[in-house]
Amino acid sequence: MKSLAKEYRSVREIVGPLLLVEGVSGVTFNEIAEIILPDGSRRRGQVLELDGDRALLQVFEGTTGLNPSQTRVRFEGRPLQLGVSPDLLGRVFDGLGGPIDGGPRPIPGEYLDINGTPINPVSRDYPSEFIETGISAIDGLNSLVRGQKLPIFSGSGLPHNRLTAQICRQSRVLGQAEKFGIVFAAMGITFEEADFFIRDFRQTGAIERSVLFINLADDPAIERIATPRMALTAAEYLAFELGMHILVILTDLTNYAEALREISAARNEVPGRRGYPSYLYTDLASIFERAGRIKERPGSITQMPILSMPEDDKTHPIPDLTGYITEGQIILSRSLHQAGIYPPVDVLPSLSRLRDKGIGPGRTREDHANLASQLFASYARGREARELAVVLGEAALSEIDQAMLRFSDAFEKEFINQGESESRAVLETLDAGWRLLAGLPRSELKRIRTEILDRFLPDPNRNA
Amino acid sequence: MENGEIIKVSGPLVEAVNMKSARMYDVVYVGRQRLVGEVIRLRLDRASIQVYEDTSGLGPGDPVFPSGGPLAVELGPGLLTSIFDGIQRPLDLIARETGSFIRRGVNLAALPRDRRWDFTPAVRPGDKVTAGDVLGTVPETELLVHKILVPPETAGEVLEIAGGSFGLDQPVGLLRTPEGQVPLKLMHTWPVRRPRPYLEKLRPEIPLVTGQRVVDTLFPVAKGGSAAIPGPFGAGKTVFLHQVAKWADSQVIVYIGCGERGNEMADVLLEFPNLKDPRSGRPLMDRTVLIANTSNMPVAAREASIYTGITIAEYYRDMGYDVALMADSTSRWAEALREISGRMEEMPGEEGYPAYLGTRLAAFYERSGRVKCLGSRSATGSLSVVGAVSPPGGDLNDPVVQMTLRAVKVFWALDDQLAYQRHFPAINWLSSYSLYLGNLEGFLGAEVAPEWPELRRWAMGILGREAELKEIIRLIGTETLSLQERLLMDTARSLREDFLHQFAFDENDAYATLQKQYLMLKTIALFHQKSEEALSEGVPLNRILGLPVREQIVRNRYVAEDNLSHFHALEKEIVTSFEALHN
Ligand SMILES: Nc1ncnc2c1ncn2[C@@H]1O[C@H](COP(=O)(O)OP(=O)(O)OP(=O)(O)O)[C@@H](O)[C@H]1O
Ligand SMILES: [Mg+2]
């Protein structure tokens, strides 16, 4: 331990959210410093770079009002930490872990470095427990499993919050009653948005089993860099120490990435695509990889990050790099939303990479994988037919294409579309899929094994 | 040697002074925790060091200890079935030592020293041996006999050699060399950035059979060849590489997870021990070495991981084996290079990548090849390399994609539209290519069927024509198509849906032998040929397409490998179905 007292008054430079202190010694990379203002108020900074006797700090609360000659800096010799204990449950904190619900600071059992340490891939257990969300577009086609990281790619004005809240309300693992909890991290969202979730958690009682970290749009932007790490540290403690099954909601990752970009710009780094730092992938991975299951430990961390795609563009660096790290994505579509479909999930580009290990006999039903593959194929063909019909008119389509077109319309209206408080059992979802397929010629159902077709395809004569 | 002293810490890059005796690419130990690092730039007495572990807690004034040698891997029995990080630290042993989360500064030998191996000598005292000669063998796993070779750059006379049970540290014999006597051991080390020597490169002319129809039939890769599979996220790179790792007819697989997901490595670790090699019936893990430097593990070790992997692969090649290496994803390797380069404030090139990216990529792929191994036994070995590339936004103009395509001979183009329809493998048949076709036709014609090359050309012709017709349909609808063209559209669809599409997760469909691929394709061609004949004789198209035998072609994928005679029956049935049409 270093002498706690040493204070530096040698701030040389303040640029954007950064602060440069000179003449320091014994300071180490990534450690935390306390920044003391003339009025005695304190802010927190983190060491980004050390060069000789100079330390570069990012200031979480921002540098507004700081003056080089009147600011004192004290290094703490430790990384940013979160004190954890079971008392975290039911509490609301700011983006740096300070209580904002009027309650006392929970008495921590231990302090954990919010940066975490990588899970050894050898110690990971492969996620394979199906989570029933009650939403057909997810359960039927892009199923979520426990320990998965499955983001929602959305856009401004789309109902991602309603969908996420619905998932929080309805999710359950078939045939099990276990310790379930929610860790919620807000980064730069509006008060209304945060309030929507908090009310929903209150109404359902989920708040008792939740920990909330709230950084709102008018809170310091740089704090957002710490917020998801605070949340995931809490989640790791609850999941892997207390054995709870934790659903982590992080919203909105786009605001997080912008804070990172601000730091990078202030450091004069060579910018990557659209000005985001070239290490954005690695940085996001250090968040998203903190999900999963660990062998011989009971709990799990399932992540549902929400991000808004600038200009609804999936190739924008934030959704793009996220998609490269997460285990699939649920993409919301503006045109489905405008057509009045809820949830407006664009199922074709959506994906759950862990689906296949979570479904099937003994988990959902043996027809699930074949059925889903067929629904994807037929819906894709129906959408192609719809595009053709726009140019050439429906009459110009072949008979099969017309059938595909009818199928995909019905698929959107009856399968994807559902009520905001409607929870469909997964078997109900599968049966709905079969009813739709019954409208297509059997010879078109190439993705389905004969035995499965024979058993599950409803008799078309019955509909006639 | 003197210790250096840190003066700068910037993420994974550390600079130290008092490093006059350091050489480029030497390994050093950084800080009191002795974190492993590598010297990547020298300027007077100042060294830039990329550190393979998280640098939190390091600061100016901390010591840097030289190791005196370059980054090297341990080569010997025990590599197979193991999983290492990017600098060959044994992740399974680390988990046992430090638990589920990776702690820093763990120092464990890559290959366990306490394990004993049964060594059977192949030489006798008095024998003259040179580099690459087989000193003896060790049954490493039930799938592979590990040949203990005279290490490169070593030669002399065997003075002593003994059979029996040995640990890796124990000498099994003694060699007299011009430089003096050296003990012979079951392992040696080799620097990762230096390709292992061989006698000469040979023309790759045998296919690497992957069991994936779109690859083996349309865009094959040769044993000793190189291939790249670029594509946007979720298009199927990893599943495809896993398929190749599972089913390719190589004797050794080296799989590198470079900056990708932890769960994907867990998947391999949990699945491979339970999967049987289709040829030997033994667990696939028995022929597999895993390198895992996942996206949340230190960036610099990601850069090293592909060299660690390929050096291990070369080692098995040198024994005379066919080795296949998969790297997922080379883009993450390039990004690691870029991050370190940026922190050294080097002049950025395209997209911020350093100017030497292209040469590094080319040099990496150049380590693939079919070779005549060192030693007097004239063995051949091969090392095939398949790299995934993950370009931003799936854009193929990305410099990593472009530089990779200059270095490799096979391009499997993943297509997100195909992935959206869940047509897997989502490899686009129009834009992909293989430059090995000419080399391999001889083998395929002789080993599978003389008409194989022709059948392939036929299939490619149909698919190409379909694309043209689709353009026409998009403009003016199907009305104007002739009956022959409509038939062709249907055959093309059958090729796509009943042949190219392949379920990775179906027991019978995951893997197809060349024989089965050929027979499947042949039934589609036969049906097409018969249909053309029938059409020209005036049989209505819908009667042809309504033939029930088509249903069977759809189910061809599920025909088991031990039931290939089914296809002969099916061919007969096709012929008789058409005969019946005329009545
Ligand atoms: N051959 C296949 N058979 C069945 N499903 C497949 C196949 N290939 C891919 N998929 C499906 O597509 C998903 C995505 O594939 P994969 O993880 O290989 O993508 P990727 O290209 O590696 O993406 P990223 O670049 O993000 O890692 C898989 O999880 C699986 O659901
Ligand atoms: Mg992948």
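This is a predicted model: local features need pLDDT of at least 70, side-chain atom pairs count only at pLDDT 80 or more; totals for chains, interfaces and linings use all residues.

Reader: Why is Ala235(B) called buried?
Author: Buried means under 20% relative accessible area, with exposed over 50% and partly exposed in between (1.4 Å probe, protein chains only). Ala235(B) has 1% relative accessibility, so Ala235(B) counts as buried.

Reader: What is Ala235(B) in contact with, leaving aside its neighbours within four places in sequence?
Author: Contact means heavy atoms within 4.5 Å. With those neighbours set aside, Ala235(B) touches Leu414(B), Ala419(B), Phe424(B) and Ala426(B). On the same terms, Gly234(B) is in contact with Leu351(A), Arg353(A) and Ala419(B).

Reader: Where is Gly234(B) placed in chain B?
Author: Gly234(B) is in the loop between β19 (226-230) and α3 (237-247) of chain B. Helices (H or I, at least four residues) and strands (E, at least two) are DSSP runs, numbered from the N terminus. The UniProt annotation "binding site", from an unreviewed entry, covers Gly234(B) and Ala235(B), among others. UniProt annotations may be inferred rather than shown by experiment; their positions follow the numbering used here, and feature names are shortened.

Reader: What makes α2(A) and α3(A) roughly parallel?
Author: Axes are lines fitted to C-alpha atoms, for helices over the stretch in contact, and angles run from 0 to 180 degrees between N-to-C directions. The axes of α2 (residues 160-170) and α3 (residues 191-204) of chain A come within 11 Å and cross at roughly 20°. That makes α2(A) roughly parallel to α3(A), since angles under 35 degrees count as roughly parallel, over 145 as roughly antiparallel, 65 to 115 as roughly perpendicular and the rest as oblique.

Reader: What makes β13 and β15 of chain A edge strands?
Author: Two strands pair if DSSP finds at least two bridges between them. The open sheet of three strands has the order β13-β12-β15 (chain A), with antiparallel pairing. Here β13 (144-145) and β15 (172-173) each pair on one side only.

Reader: How many bridges join β12 to β13 in chain A?
Author: Two bridges join β12 (residues 130-132) to β13(A). Ile131(A) has Leu144(A) as its bridge partner in β13(A).

Technical notes. Residues are numbered from 1 along each chain as its sequence is written. Chains are lettered from A and ligands numbered from 1 in the order in which they are written. Side-chain values use heavy atoms; hydrogens and water are left out.
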